[in-house]
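Keep the picture open beside you as you read.

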Amino acid sequence: MTDESRLRRLRRILERDPEPAAPEPAGRPGDGPDLLHDRIRSLRAEIERVASRTRDRPGRREDALRMLGPGEEAGPAVPIPGEMVRGPLGDLWMRERRYEPGALHGTAEIMAGLGLAGEEAALIALDEGLRSFDMRRSTFLDVETTGLSLGTGTIAFLVGLGWFADGGFCVRQLFVDRIENEPAVLGAMIEALGPRPMLVTFNGKSFDVPVLRSRLTLCRMDADLGGAGHLDLLHASRRLWKRRIGDCSLDSCERAVLGLEREGDVPGELIPEIFLEYLQTGSPGRIPDVFHHNLLDVVSMAALAGRMSELVQSRSCGDMDDVVSLAHVRLRHGEREGAEKDFACAAGSTSSDHRIESNLALAILARRRGEHALAASLLVRVLEDDPDHAAAHLMLAKIHEHNLKDIPRALEHARLAEEAEGVEASTRRIARLNRRLSGP
Amino acid sequence: MEQEAREGAGIEGIHEAWSEASFARLVRARIDMPGRDPLVAPPPGGLGPAALAGAGVQALFAHQAEAIRIALGGRNVVVATPTASGKSLCYQIPILEMLGRSPSATAILVFPTKALGRDQVRELGAMADRAGIRAEVAAYDGDTPQDARRLARARARILFTNPDMIHMGILPHHTMWASFLAGLSAVVIDELHEYRGVFGSHFANVIRRLKRVLRFHGARPVWLASSATIRNPADMASTLAGEPFSLVSSSGAPSGRRTLYIMTPPLVDPASGMRGSYLHLAARVASDLVRAGLQTLVFAGSRRAVEMLVRYVRDRVRRGSIEPEVVQGYRGGYLPALRRRIEDGLKGGQLRCVVATSALELGVDIGSLDAVVLAGYPGSVASAWQRIGRAGRRLGPSVAALVCSASPLDQFVADHPEYLASTPPERGLLNPDNLDIVLEHMKCAAFELPFEEGECFGSLDAAETREIMDHLAGRGLVHASGGRYVWVADEFPGAGVGLRSIGPEPFVVSDGVISQVIGEVDGASALRMLHEEAIYQHAGLPYLVEKLDLGARRAVVREVEPEYYTEPVVASTMTPMEVERSVRLGQIDARFGEVRIIEKVTGFRKIRFGTHENLGTGEVDLPETSMEAFAVWLAPTAEGMEVIAATEPEPGIDARAWTAEGMSGLGHIMAHIAAIRLMCDPHDLVPVVGLDPESEGGIALYIHEAQPGGVGLADKLHDQIEDAAADALDALRRCPCRSGCPSCAGPAARTGVDRKAAARALLMLMVSHDG
């Protein structure tokens, strides 16, 4: 092929190269029945709805928020919060905020996060390595990226860091204002983290940290990201709150645990597009909203850590769902005594579900200790709440047969335990008990 | 009726039986090949004793020593020696040596499919143990569970993988493989010959991306390739890897004496060219071999043929004292445990005859056999020898029989026995510079690492690379900043790129009965193959297309056992876009260039298996499709048209219509001749008779590549168009039919035109000037 004909051919191919499926910068009316575009448009409508609600509300105290609905003209551009500063590897865009003691996030106090002790972190993370975890030396970390794929093409363009210092909570946001400033941002991040940092993230083990590791490698840099300890609040949240709030997205946790309803927040799905638009147009666009979103993420983590600490430390019984969850976590962590206290507390719940689950758990623990009579009495309580509880009947059958030597009682319970042990085993057990009853 | 071989008569008995008059008329050729003694060589200098001990060998064959010497000298080498000559050692030993020398060294072994190389994972692990090398050996393919993948990333020093996993699993996540890639000392490309066509063109671009990433991690591995005997192994390796290669092709491994028979079924009806069933003949041949006491492997083209042959052979051996159970089938779709049992039965000798598809061709260790039967020509010299090589691996005499079917390819081989015996095997063609393919891989490459200003990609120079990057920037995929193009889109470009097709998104084929996707057809040929009522062949099994959903790009099919296959009736409009080269041969202009093809599938013909009889037609209503592809087109000059008109071909038939019919016949034979010459599937080239406004006669026979942008087939065909025309003329002359049959110019059409004569007349215009 000659060079010119190849170039002509190349241009023909480029002409017909299909448009990427990525969202268009603006929702155009009359787009084809493209599902993705529809989804983006409805998202935009949702933002607009939320945003207008926010705008109508007087006296908002947060950073300037700017929301653009479809077709709406951009008003006077809101500047990107922060300023250019000198970092160890060059100039970069940085913004800092500080929350003073007593500052609330939803209904939660931000500073409460400082109360989460190392042992508690080890407990909720089921990770003994976190015993030496120290909130005063830890950094909360959350990044905004150009996409959700973990590959090398995903850039972390906004790095949010938070820590407790001088009696307050500080948030520092490092922004890749131009792609070539990424090393400067990573350098400033490393500096802020300090040597051997402990990290607190929300899903950072699977996302934020791998993305940053990849970016560091690509920029030929290296850093310790949580080698001294990494508390991933997503996993802890699931352990503690899944029973109560189901899906433990940061959003759901904020609503249920912090009493926080984000107002006018930019949906995470739109963030890559906003950054791309910023790169292409050079104007701030909705980047300030992304800063705000990231800020809320970081502050929420601190407040959630506080709630976790409160839950673990609480002497009185709080929400029974959480108490039961915590008891199970304690059991898995080997804290039998603590677990028993929590189960005992939940055994006094007004909900029969909590009572059944707790009494059953307590019975198992009692039996393991050899306190068979106690175990039997706990199981009887289970049956008071649920007379057909097959597992309880089965355990009672075993206790009466092997430990308390009360064969008639054992048989009575065995007859109601079939569902828990299967027809075959149950038939065998009943036959054996019948033999023992009639035998010498 | 016919004389059959005596039981337990051995190879001599076979030669005797097959030279009996009744059978000898079916034998078109007997080729005797002498045996060869081993040629050993001392281990090359610099090779430590540990690696040899690890490999478990005391001595090396000459070709192994040579390949190892080159590799350890830091140069790339491709080994292309026959089946069972010990090719794997040629890369295993250098890897052991390199890993032994440096504790950070790693190696990657690439196999074309995931099943291949599985045996080697354990083997190489054991070798490393024996050599005292601490090296985790891991397989990393689509079947590798997530935990094992993490382990492979963290610990493996020897990685077995395939092009798809490098493309989707490793390159887009190369930072997670940083230490593995930084230590990469050797890349092995086994079964090199498999990377021809579209797959190879994609893989070449995956390799370009890999090398780009390796530069980033500071690694410069040595490339070690292993190939079946093809004509251009060194060329092919260097096209694929973009590196120079030394070739080692002369085997030092011993081999036994071997006899090859080429046979055709008897001609039943000379006028229509109809022959008896080649499957029946193959069954006869196989049962002779089994009865003579020879362990026999039969290769068949499809699953259906396997099942039929097993039945036929069992029926035949049952007449003697042989248990039918010693005859077994082996094909894709059998469960792995059954396959292992059959492989063991072959090795142990309990099984006397296995009828297999190509599933048994590659990398499956079954020991050596006494005889091989090829039921149908496998399509290329290289794969014919690969299969024949299964018999008589190193010692003792062996026999092989090729039973030709009625296809033009098979008939060509039967007519030219010397072709198989003496033609250097085919060229492996691939086209790393197919721009459609390159563009997709450049998106992936940009995702993996930013493009620097002035960077080139493959054969694209800096200006072309910039043109593409600017285009991607316009699409919002990359962002130009600070002298680099950086991927910024929320998109994973690799997800849209399959390594086995080009151009428009492929169609999925789903089995409506089991509600499962069974395959994919590339967008360019989907409408031809998946129109409603088409018989779609998948893994050798026929399916009927029940429904084609154009919007969802999905066809629903059902397994059937039809007596026919279908051929689409396609109305195509050809428009030449660029003429790259043109030569005048006699009164024909032969051009090569790019054409736009607008085609509409209007219907289909049902053709009976075996006899190729037309059983009827159907109509379909499908939209037009358009694509650009490379083509060779043959257009008569004004003078040529006059010659045709002056010959007054047939009374009452317009010279133009006659020419068109002749071109159609010529297209039929040429596509097959080209497939033989270019080592491709006949379906990779599509003959179309169309208008050519730029030619003097206004009409041309186009032979275009089926894939948009192509893989270089048309280019190479144009280079040898004169020889191809001579082959075609020869094939027409030799074919005993009267006026065209499936084995030559295609069955005579109802127009009444003598296709064969018309096609011959056109060829005479091309070749008569020098004879």
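Start at S481(B), which stands opposite R484(B) in strand β21 of chain B. This is a predicted model, in which local features need pLDDT of at least 70, side-chain atom pairs count only at pLDDT 80 or more, and totals for chains, interfaces and linings use all residues. Residues are numbered from 1 along each chain as its sequence is written, while chains are lettered from A and ligands numbered from 1 in the order in which they are written.

Strand β20(B), residues 478-481, runs antiparallel to β21(B), and four bridges join the two. Strands count as paired if DSSP finds at least two bridges between them. Two residues lie between the strands of this hairpin, where G482(B) takes a positive phi near 60°.

Strand β21(B), residues 484-487, has another antiparallel partner to look at: β19(B), residues 451-452, joined to β21(B) by two bridges. Here F451(B) stands opposite Y485(B).

Now step back to chain B as a whole. Its secondary structure comes to 25 helices and 32 strands; these are DSSP runs numbered from the N terminus, with helices being H or I of at least four residues and strands E of at least two.

How does the radius of gyration of chain B sit beside that of a compact globule? For 771 residues such a globule would have one near 28 Å, and chain B agrees because its value is 27 Å. The radius is taken over C-alpha atoms, and the globule rule is 2.2 Å times the number of residues to the power 0.38. The C-alpha trace of chain B spans about 80 × 75 × 55 Å along its principal axes.
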